[in-house]
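Here's a walk through this model, going from the overall fold to a few individual side chains.

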Amino acid sequence: VSVSWQPFANNNNFRLRSFYKESLRMPTFNDLYYTLIGNTQLKPEYTKQADAGFTWSGNKWFFKNLAFQGDVYYNRITNKIVAVPSTNLFRWMMINQGLVEIKGVEANVSATAVLVDSLYLVTGLNYTYQHAVNKTKGESSYGHQIPYSPVHSGTLHGSLLWKAWALNYSFIYTGERYMLPENIRKNYMQPWYTTDVGLVWEKNIGKNNYKIGAEISNLFN
C-alpha cells in the first residue's frame with residue numbers, strides 16, 4: 001500500500017510519500033545447500049516495512065536539476081537470514097535471527113551546477129543511518145546491532161565536465177560494525193572508506209565514438 005501527496009497545488013516540485021508492505025523471502029539454494037556454508041534448517045524470512053519521506057526537485061541559485069530526497073523507515077523482520085563466521089573466518093554459515101528490528105533514515109542530494117561556460121559540476125551525496133538490532137528474547141545478543149550492518153554509511157561522488165573531458169571523484173564510507181551477533185570488543189570491525197578518481201576523454205569523430213580513460217582506485221589505501 002503506497003500513497004503520494006502533492007500538498008501545494010501551485011508547486012509540483014515537492015511531494016510527500018509513504019508506503020507499507022509485507023514480504024516473504026525464501027532461502028536461496030546456496031543458503032540451504034552450499035558445501036559447509038549451507039544450512040538446511042533455515043526458515044523463510046518475513047518482513048514488515050513502513051516508510052515515510054519526501055522529494056523535492058527544481059532549479060535554485062546556480063544549480064540545475066537540484067534534488068533532495070529523504071526517508072525514515074521501520075522494518076520488523078522475523079527469521080532474518082544472515083551470514084556469520086563459524087569455527088573460523090574462512091568458514092561461514094547461514095543462520096536465522098529470530099526477530100530483527102530496523103529503524104533508519106536515508107537522505108540523498110544531487111545537483112548539477114554551471115560553473116562557467118562549458119564547465120559543469122555534477123555531484124551527489126547519500127547518507128544512511130540504520131539501527132538494526134536483534135530483538136530475539138533470551139539471546140545474549142538481544143539489543144545488539146546485527147553482524148556486518150554499519151550504523152552509519154554514505155557515498156559522495158562528483159564529476160567536473162568540460163567539453164570532451166570528465167574528471168570523476170568517488171568516496172564510499174562504511175562505519176563500524178561487528179562480525180558476530182555479540183557487540184563486544186573482539187568482534188569489533190573498524191570503519192573503512194575508499195576514494196577513487198578518474199579522468200576520461202570521450203568524443204564522436206565521424207561515425208565513431210572514441211573514449212580513453214584512466215582511474216586510480218582506493219587512492220589513499
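## A walk through the model

Let's begin at a loop: Phe62 sits between strand S3 (45-60) and strand S4 (63-88). Helices and strands here are DSSP runs numbered from the N terminus, with at least four residues (H or I) for a helix and at least two (E) for a strand. Before going further, some ground rules: this is a predicted model, where local features need pLDDT of at least 70 and side-chain atom pairs count only at pLDDT 80 or more, while totals for chains, interfaces and linings use all residues. Residues are numbered from 1 along each chain as its sequence is written, and side-chain values use heavy atoms, leaving out hydrogens and water.

Now zoom out. The chain has 1 helix and 12 strands, and reading along the sequence you get β-β-α-β-β-β-β-β-β-β-β-β-β. The C-alpha trace spans about 65 × 50 × 35 Å along its principal axes. The radius of gyration of the chain is 22 Å, whereas a compact globule of 221 residues would be near 17 Å; that value is taken over C-alpha atoms, and the globule rule is 2.2 Å times the number of residues to the power 0.38.

How much of the chain is buried? Of its 221 residues, 29% count as buried, where buried means under 20% relative accessible area, exposed means over 50%, and partly exposed is in between (1.4 Å probe, protein chains only). The chain exposes about 14500 Å², and carbon and sulfur atoms supply 59% of that. These areas come from the Shrake-Rupley method with a 1.4 Å probe, and for residues only the protein chains shown count as cover. As for contacts (heavy atoms within 4.5 Å), take those with a separation of 6 or more: 52% of them are between residues 24 or more positions apart.

Together with Trp61, Leu115, Val116, Leu160, Trp162, Trp165, Leu167 and Leu199, Phe62 makes a nonpolar surface patch of about 950 Å². To qualify for a patch, a residue needs over 30% relative accessible area and no salt bridge; nonpolar side chains (Val, Leu, Ile, Met, Phe, Trp, Tyr) are joined within 5 Å, and like charges within 9 Å. Strands S5 (91-116), S7 (152-162) and S8 (165-174) each supply at least two residues of the nonpolar patch.

Two of those patch residues, Leu160 and Trp162, also turn up around Leu119. Leu119 belongs to strand S6 (residues 119-134) and is partly exposed at 23% relative accessible area. Skipping residues up to four places away in sequence, Leu119 touches Ala113, Val114, Leu160, Leu161 and Trp162. Then look for Tyr142: this residue is 23 residues from Leu119 along the chain, yet their C-alpha atoms are separated by 53 Å.

What about the inside? The largest nonpolar core has 6 residues: Tyr73, Ile77, Val100, Ile102, Ala132 and Ile146. A core here is a set of buried Ala, Val, Leu, Ile, Met, Phe, Trp, Tyr and Cys residues joined through side-chain atoms within 4.5 Å. S4 and S5 are the elements that give two or more residues to this core. Click on Ile146 and, neighbours within four places aside, you'll find contacts with Lys80, Gln97, Val100, Ala132, Val133 and Asn134.

Next, the charges. Side chains of opposite charge can pair when their charged atoms come close. How many salt bridges does the whole structure hold? A search finds 3, each being a side-chain nitrogen of Lys or Arg within 4 Å of a carboxyl oxygen of Asp or Glu.

In one of them, Asp71 pairs with Arg17, with the closest N and O atoms 2.5 Å apart. The pair links distant parts of the chain, since Asp71 is in strand S4 and Arg17 in strand S2 (residues 14-25), 54 residues apart. Asp71 counts as buried at 9% relative accessibility, and Arg17 as partly exposed at 28%.

Glu45 and Arg25 meet in another, at 3.3 Å from N to O. Glu45 is in strand S3 and Arg25 in strand S2, so this pair ties together parts 20 residues apart in sequence. Glu45 is buried at 7%, while Arg25 is partly exposed at 35%.

Glu101 and Arg76 also form a salt bridge, with their closest N and O atoms 3.7 Å apart. Glu101 lies in strand S5 and Arg76 in strand S4, so the pair ties together parts 25 residues apart in sequence.
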